[in-house]
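This briefing goes through one protein model by topic. Please keep the sequence and the 3D view open while reading.

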Amino acid sequence: MARSRAMAMSSVGTGPYPEGATVVAGEALYQWKLQAQGDAQKADIPVYELDWFLQGISPLSQSDLSLGLYRDRTVPLRHPLDWLTQQWQRRVAERVPVQYLVGETPWRDLMLTVTPDVLIPRPETELIVEIVQAWVQQQPKFLASGVWADLGTGSGAIAIALAKALPHAQVLAVDISAAALAIAKENAQRNQVTNIEFHQSSWFDALENWRGQLCGVITNPPYIPSDVVLTLEPEVTHHEPHTALDGGHDGLDDIRLLIEQSPDFLHPGGMWLTEHMQGQAHIIANLLSTAHGYDNIQVHADLAGIERFVSATLTCSQ
């Protein structure tokens, strides 16, 4: 986990400390870390997550933690050691994701606030922005300055990254959850992105004013089959919002709806792009090929070589 911006300082153990910080002896923190490592190993939790946790609530770097460079200094923490113990026990006993414990996570070049109201952005999703950028470079210039929609924005990760990658474009961040939109707005402010609007809506319901005008519809929708959601690791099943995960009996309910409705909102030549579950790529590609209005259908792999995204273009005759 990247260093918390609120706690970033020039070096460990030097002042001034951030307002409200708890200053602890480095040796005490080292001993706490040893105990927490033992608890993690007993619970089969990767020990490296403990470093993410400590980097999220202190100015310690990975090398500081790996080499114990802080043992003979004092270390400012956002919370006292008792809080660390309570929260780490939640990780061990309740399987609460460490990102929720810290309240933030790095993603691309962003630092994003996350709570149980939003999914934790995954590293593989980062590639969706690269696909958009590569596509825009090959298209008429007006697409780089048009209106794009991120449907099901959650934490706002994709919308904010798109807004940064396309600084002359307008990005519509859409989510049915008011709580998720509040987090997305906070993240846009936190990352100083202004070319973005927020709309509480079920997919296109609030976007009537943009019919036929969108240069791109980008989405990371619910795509996990209903009977699979409850079999996922407890970090996901017990803590992340099911409405952002459950895509119906085969996982494709929302994707079918988006395929059906997007042609009414896309500008001719506009892009349609979705993330999906492993094994769904060719089903989605077939749905697009049999729907009216799509061409240039492509399947894209993530960095692990797994088919993760499908894109298409609205035919110019639409």
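Contact, as used here, means heavy atoms within 4.5 Å. The angle between two elements runs from 0 to 180 degrees between their N-to-C directions. With those terms, helix 7 (residues 157–165) lies across strand 5, strand 6, strand 7 and strand 8 (214–219), and runs at about 180° to strand 6. The model is predicted.

**Confidence**
- The protein chain has a mean pLDDT of 91, and 93% of its residues reach 70 or more.
- Residues 1–16 have pLDDT below 50; in the model this stretch has 51 contacts beyond near neighbours in sequence.
- Where pLDDT is low, the predicted coordinates should not be read in detail.

**Overall build**
- There are 12 helices and 11 strands in the protein chain.
- The radius of gyration is 22 Å, close to the 20 Å that the globule rule gives for 318 residues, so the protein chain is as compact as a globular protein of that length.
- The C-alpha trace spans about 70 × 40 × 35 Å along its principal axes.

- Seven strands form an open sheet in the order 7-6-5-8-9-11-10, and their pairing is mixed.
- Strand 7 (196–200) and strand 10 (294–301) are at the edges; each has a single partner strand, so one side of each lacks a neighbour in the sheet.
- On average, neighbouring strands of this sheet are turned by 15° against each other, direction ignored.
- Strand 5 (residues 147–151) and strand 6 (residues 170–175) run parallel and are joined by five bridges.
- Aspartate 150 stands opposite alanine 173 of strand 6.
- Helix 8 (residues 178–190) also packs on the sheet, where it touches strand 6 and strand 7, and its direction makes about 170° with that of strand 7.

**The hairpin of strand 3 and strand 4**
- Strand 3 (residues 104–107) runs antiparallel to strand 4 (residues 110–113), with four bridges between them.
- Threonine 105 has leucine 112 of strand 4 as its bridge partner.
- Two residues lie between the strands of this hairpin, in which arginine 108 takes a positive phi near 50°.

**Helix 1 against helix 2**
- Helix 1 (residues 26–42) and helix 2 (residues 48–57) have axes that come within 10 Å and cross at roughly 140°.
- The crossing of helix 1 past helix 2 is right-handed.
- Helix 1 contributes Leu29, Trp32, Lys33, Ala36 and Gln37 to the contact, and helix 2 contributes Leu50, Asp51, Phe53 and Leu54.
- Of these contact residues, six are nonpolar, one is polar and two are charged.

Note on methods: Residues numbered from 1 in each chain as written. Predicted model: local features only at pLDDT ≥ 70, side-chain atom pairs only at ≥ 80, totals over all residues. Heavy atoms only, no water. Left-handed = near helix turned anticlockwise from the far one by under 90°. Nonpolar A, V, L, I, M, F, W, Y, C, P; charged D, E, K, R; others polar. pLDDT = per-residue confidence, 0-100. Pairing = 2+ DSSP bridges. Rg over C-alpha atoms; globule rule 2.2 N^0.38 Å.
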